[in-house]
Amino acid sequence: MPPREDSSKVARRSTRFSSSSAAVENPEPNESHPPTIDDLTFGGESFPLDALLSDFPGRRSQILDLIRLMGPLDSPTLPVIVYGDASTGKTSLVLQVLRHLNRPFVYSSCRACYNPRVLFESILNQLLLHSKSSSNGYSSAKRCDKPSDFVNLLRQSLGNVMETLDSRSNGKPVGKMVYLVVDHLDLIKEWDKGAVILQFLFNLYSLLKMPQLGVILISGLPPDVYYSNMGYTDPIPLYFPEYSEDDLRQIFLKNQTNRKLYSAFLDVVLRPFSRVTRRVDELSTTFSSLFRKYCEPLDDLGVSPNEDLKRRLYSHLKPLLAPCLNEIFRVSSRSHDDERRQKKASYSSENREEVGVLDFHMSTSAKFLLIAAFLASRNPATLDASMFDSTGGMDNRKRKRKASEKSMEKKEIAEQEAVMKGPGSFPLERLLAIFQCIASVGDTSFGEEEEEEEGEATGYDREKTNLMSDILLQVSSLCDANLIIKSGSCPLEGTSRYRSMVSEDLALKVGKSLSFPLAKYLYRR
Amino acid sequence: MAPSGTVADPPPSSATDSFNSGATAENDIRPFFVLHKASSGNLQAKSTGTVKSKRRIESPSPSKFAKKSEPESVEEEDNDYFSTLRLKVFDTVWSKIEKTIENVLRDSNSKVFSGIHDWIRESFESIRSSGALSLSEAVRSYPVLTQASSKQLFTALVLTRNLEMVDDLLTFEELHLRLKSQGCHVAKLSSMDFSAKNGVGGCLRGLLRQFVMPTIDVADVTILASWYRENKNHENPVVIIVDDTERCCGSVLSDLILILSEWAIKVPIFIIMGVSTAHDAPRKILSMNALQRLCASKFTLSSPAERMDAVLEAVFLKPCSGFTVSHKVALFMRSYFLCQDGTLTSFVRTLKIACLQHFSLEPLSIMLEHFCQDDSNQLSDEGTGLLTEATMKHAFDLPSVTRNKITRSTYEMLPQFLLDLQRMPNPWSIVVLCIYEAGKFDKLRLLDIFCETLDPEARYLKYFSPSATVNSQSHISGRNSVIRQLLRKLRDLSPSQLSSLLKSWEKLTAEFSEINDKVMELHPFMRSVEAAGQRQGLPSSPKKHASRSHSKLEKELKAMTDKVAAVIEFMLREYMKPVESVPFNEILCFKNVDKLQSALLGDPRGRIQSDLLESHSILHCMCCSQRGTTTLLPSMHDTSILYTLAQEHADVINLHDWYQSFKTILVPRSSKAKPKSKTASKSKKRKDRCEEPPEPPAEALVQARFCRAVMELQIAGLIRMPSKRRPDFVQRVAFGS
Amino acid sequence: MGKENPAEKSLNLIRGRLCDPTFVFRPLSSSSESNYSKLKFIVSNSITEGCNNSILLLGPRGSGKSAVLDLVVSDTLEEYPDSVSVIKLNGLLHSDDNCAFKEIARQLCMEHHLLFSKMASFDENSQFIIAMLRECGLAHKTIIFVLDEFDMFAQGKQRLLYSLLDAMQSVTSQAVVIGISSRLDADQLLEKRVRSRFSHRKILFLPPSREEIESLLEHLFSLPADSSFPIGYISQFSEKIKSITSDTRFKDMLRTFLNANSTVNSLVKFIFRAVSFMNMESGLLSLENFKAALSSMQRQPKLEAIRDCSVLELYLLVCMRRLEVKEQSSYNFISVMKEYKTIHDSFQTSDYYAQNVCLRAFEHLREREVISYAETRGQTQTGEYRPMKLLISASELHQGMRSHACCPAILVKLLDH
């Protein structure tokens, strides 16, 4: 969770930024001020406890616990694992506590460090005060990809750091301990040989036998999912529960310019949305856009809303809530003439206007291919013969009646396993066979829909004779567009089977655009 | 010259095209890759090598000679002098066309590109305004704690509304250069970098290779950060272009997004995703966490159909190069675009092939050179100067000439003909453009109008007798004539639309007085209509008229639309004479659909199979060619023998039977059945030694040849190796003619 | 630094003790039949005899095997400073033979002040080690090999173990191989050729007895009288400790805790937690500290996970549970959605959301490992078609939903039938 600070502090820090960044502006490259031991601490002005507590509403107990566990200045500590759901403020809270205590620490996130080598080297780089730059060819201080080497190097570098910490006299006391913070621990499970690395990290403290190193692990998962066949002495757990509703309210009320207005807004949105998800990042993205909408009727945002204003704003916002609740990915459209284009996208013909047009161009054979793939995934292969005989799926109806005659629970089971199976897979031949059938069926409609009469003569029948090469090409491009996914190696070998990923409404849309009677061919269970 | 050579030189478009498929070969579509290249015209010569070249050589040459077949023989050097000359002219003409197309495409994209650039600038400023970071903060490994909502990653979804990627590769390349020229740090990742095998390290490495330096020991995002803080890099945004999002491995892309979003404050990164299908494609690919890190906004490129119209307008309707195509060719190109692959690339390729063949087939096409540079007076003498006796003769044998009863006697008025041939397209194209303008309200495609108006025996013209216009609504046969449709739709245009239509017509017909006057006449009526509209006050749309029939405005509008329709019909009646109805049009106009098609759609699978069936017609070996084609001979090529045998089986072939029949072919009955007869009559044996192998090959040899032949068939993709379940059966890959 | 209040100082002291296993295990190793003395005896007489030896220290994790070993090693180093050298390996780090040999060579070089080349090949290293073994044997110098996580070495081809034990067969060498493992069957993992060369001497580490724990406690909490603590504070502190330890409630707490996990280290962790709760004003421990520690140590992650769920996620869990009750053999997202819809149709619940929102909730549940895919490698289908399974029991679900902040009542009803 990105921490929110009250505006005063932001102002203060930003002034500090401007001063420090003024030093940066003049273009001297990196190595001109190499990192010192102070870069291990947060630096900056002291960060009092009350500010920390006000930064994290609903996290008081966790903050105090963490401070207690880390103990007073340079008192050794057992490894701690901080765990809790995503965006519950684990990372930022740990960092802010370190900032508050002003202790030197090393942070590495297993997100950015995506394999053991990168992880180890980043930790060592920070300990050795090494910064990658063009002068050293962006290389690490030490090359290290084995845990065994890592332990040795870590001992050395920790030793160096301890010396420098001892020698260091000026400034605030930072103690004689370094804390190692490893974030996103749960990602390691997905690494190859991740289990070993995990056990290594959990045992790191007892392996090193250096009380000067405090280990803080941050994980999205509770520690007991990491148990493996050999186990380990698990660190002291510290649990971050999901925010309650009024925690959320306080969080969102922080650094709002007009708190009254925003709380009125929260009265409207917070309850329904927190039923769906209580993750702050998701909520904040939603709320930021909604709040803009909410404020649209207002002329000045400084007003403190009274009841009827609230009511008005609510009635203004109300229609937007339901769609927003059911949407997870909002794409704001920037190009001004977008919708005009959207309309023009459809190829000109009357029967295209009223149906939802598909807003991207496909060649006609690709469309037929798409439908064929959809049918092949949807219908059982045994039906193809009866579907695509000369009568073009006329006895489909009879088959349906038979299906209805089937006894109830058998149907139940069949349905359920169909659901389990999902869209079926099919070989290339079946696809092409179906394609040729429906192309020949849709031919008539196809003709007068796309061509003039004489265009029909020159156009289609000719290119139907040598469809093949281009059809395989179309299959490939459909695969690329994820409309069909394929498994297996080489389609000319027997091994590859295809599966259509097309949703039914898209398929129907395409069928409409060809004026192809798709519904007639669907085998309804 | 023979088209084989010319076809073999790749058009630039198809070069990128084949590159694209080469790229996709990573996604396991190599077999398609072969076919893809083969279908793309330039490589079919390779795919079925010997076949093509032979056929080429024999096919065009007789036609050329047929043109020149005269009682007095043509001297050769003159002939090839002209062929080289024509080739030169082709180069000039085609380069001109190509340049026009490029410009058109660039214009069609430029608006979107500038939109993207503005978006990047604005968001970049918004990020920078939230407080600059000190260097130590910017490169340290833990997130910046002071900005709220710091994990949003600005993302542009660029909808290339075409299933095919081919056209858009160039588009994104342009975008890349455009942004680079405006100072952004741009890296272009393709789906190759997002392979599941290399994981997120692979694409990070790709990024760093493009941004920082080619040799990175271990790819790490901190490198990016520290690079970004070095000499003044941090004053420009970092842009990452992923041109084909659908093909990327979703998990890897999500990982990259998550990593970058962690660093979004320190390194302001903008991702530009090319999405070829619907705009919610990312939702299908990305993981939920990655999805909600994206702060997405979408940009829409012009659809291929729109680009197509723009290209048509620029190439054929605006004065570009005199070259045009006939009605049938246009229809073919249209149906190829609509039905087969809807890429502009392939359309341009078709056009190029057409142009090429025109120059290779039509001797008089030299004159196009003079149409290119528009000073016409010097055409008369020099152009005729070019004409030798032979070409003159040929010119007056042209069907269009003979049709119009122009005889050799009117030789001196040839320049005259050529002149108005040159100025002929202008009124016609103006009319077409006017109709297109009118059709825009109805969202008619220029492609349709173009194809219809090219029609030499213009069926729609006969509806424009004043009698027909009355009952034009009730006309059935004109149902799918675009122009009739347009006239019908014309009735319910709002006054505002009408006025805008008039203005555009004015502009179009500016330099063509006859139509222009007509258009000008309409203006007073227009004014009265608008006046009526103002008097009535409310904005007047046709619906409102339908609802309560307001007398005055209603009448005015009706009259107005009638006038407009009348003008259109006037234009059509007077000036709508397509190219093909003009004498000497063969000089400009390419008509030969069949050649174009055979050059364009090489159907390699079908050809491979047919050629396998009659191999002797290709390799003219004397041993089996004089024999009938039906009987299989041991001297034939093993593969073709096997394939011919395979025809008898169903789609599964029992290997044993196959082998047996193959063996019986190679080892003829006679040699095993009655050896004594052979020894007895040496003479007979010697007579047909030339046909039979001297002694039957050994069993092992036969088996070896069998295996090799089967292998070749498999490699050609005609059969499939035995499966686990049925080890002794091969399957025929059933598709193909 | 000098003027820190006694509370902080004592806290630091105790924390330091807790974090130092050798200190913790010192008192436990006093008695004569303790593991310490056994191990000490074996090691020292194999040093004096100059013979080879091999021992396994077995016991649950955190029972202080390596701590005791460290004590022994340090003491032997004091006794025979120049005739012992110690090589420490850990199965976690050196499980693959190549880097194990490299590590041994490195430590030997450090020991004998030779320079160590990283580039040395596997064979060179093994040659070197054999040579060193012989040299030390001739010099009557014992090499103690400590193999922590012994079972990890037993994986793979066991070349390290074989070559070590094989080298020890020769009379000249004298070395002691001490394996430490939390697997009681560690010696069963050995290949025959290795096992035959291994002397099956094992030392078992058992959970501490009551009086051991008491001695441990007062050993931990006794403040040194000499140091700069004010006398009053010391007496006060020890008084408090005595009162706590004698308290029956404390005894009960200790019992309940030891029932759950009985090893010394877990006890140390418990005490650490309690000490970290120490009141800094008074600088005294109290019973409440231990209570808080106990409550914070007893966690139920599954319940926590369910409490973290949003209402929608609860709905999904309940749907899956209902599907399980219906004896559906396997179910995936689609079938769960159907169940969800039927629930909505029959009860007209207020929370009915679009499919993609549910899919997001589904993903959240999956990355929280409340649910997971039934089989791991079924990659052919896309996510919503892959069969799923619940990772929590019905009772956990019940408890969690009852303790959930805003769980709709209807859901609990739906769960019951």
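Take B:V158 as a way in: its bridge partner in β5(B) is B:F299. That link belongs to a run of seven bridges through which strand β1 (residues 153-159) of chain B and strand β5 (residues 294-300) of chain B pair in the parallel sense. Strands here are DSSP runs of E with at least two residues, helices are runs of H or I with at least four residues, and both are numbered from the N terminus. Two strands count as paired if DSSP finds at least two bridges between them.

Everything here is a predicted model: local features need pLDDT of at least 70, side-chain atom pairs count only at pLDDT 80 or more, and totals for chains, interfaces and linings use all residues. Residues are numbered from 1 along each chain as its sequence is written, chains are lettered from A and ligands numbered from 1 in the order in which they are written, and side-chain values use heavy atoms, leaving out hydrogens and water.

The open sheet has six strands with parallel pairing, in the order β6(A)-β5(B)-β1(B)-β4(B)-β3(B)-β2(B). At its edges sit β6 (331-333) of chain A and β2 (185-189) of chain B, each pairing on one side only. Neighbouring strands in this sheet are turned by 25° against each other on average, direction ignored. Lying across β1, β2, β3 (238-242), β4 (269-275) and β5 of chain B is helix α12 (residues 250-262) of chain B, which runs at about 155° to β4(B). Those angles run from 0 to 180 degrees between N-to-C directions, using axes fitted to C-alpha atoms, for helices over the stretch in contact.

**Chains A and B in numbers**

Buried means under 20% relative accessible area, with exposed over 50% and partly exposed in between, using a 1.4 Å probe and protein chains only. Accessible areas come from the Shrake-Rupley method with a 1.4 Å probe, and for residues only the protein chains shown count as cover. A contact means heavy atoms within 4.5 Å.

| Item | Chain A | Chain B |
|---|---|---|
| Secondary structure | 22 helices, nine strands | 39 helices, 10 strands |
| Buried residues | 58% of 525 residues | 57% of 737 residues |
| Accessible surface | about 20600 Å² | about 29800 Å² |
| Surface from carbon and sulfur atoms | 55% | 59% |

In chain A, 74% of the contacts between residues at least 6 apart in sequence join residues at least 24 apart. For chain B, residues 24 or more positions apart account for 77% of the contacts with a separation of 6 or more.

**The sheet in chain C**

Chain C has an open sheet of five strands, paired in parallel and ordered β2-β3-β4-β1-β5. β2 (84-90) and β5 (201-204) of chain C stand at the edges with a single partner strand each, so one side of each is left without a neighbour in the sheet. From one strand to the next, the twist averages 20°. Strand β1 (residues 53-58) and strand β4 (residues 175-181) of chain C run parallel and are joined by six bridges; C:N53, for instance, has C:V176 as its bridge partner in β4(C). Helix α4 (residues 65-79) of chain C packs on the sheet, touching β1, β2, β3 (142-148) and β4 of chain C, and its direction makes about 160° with that of β4(C).
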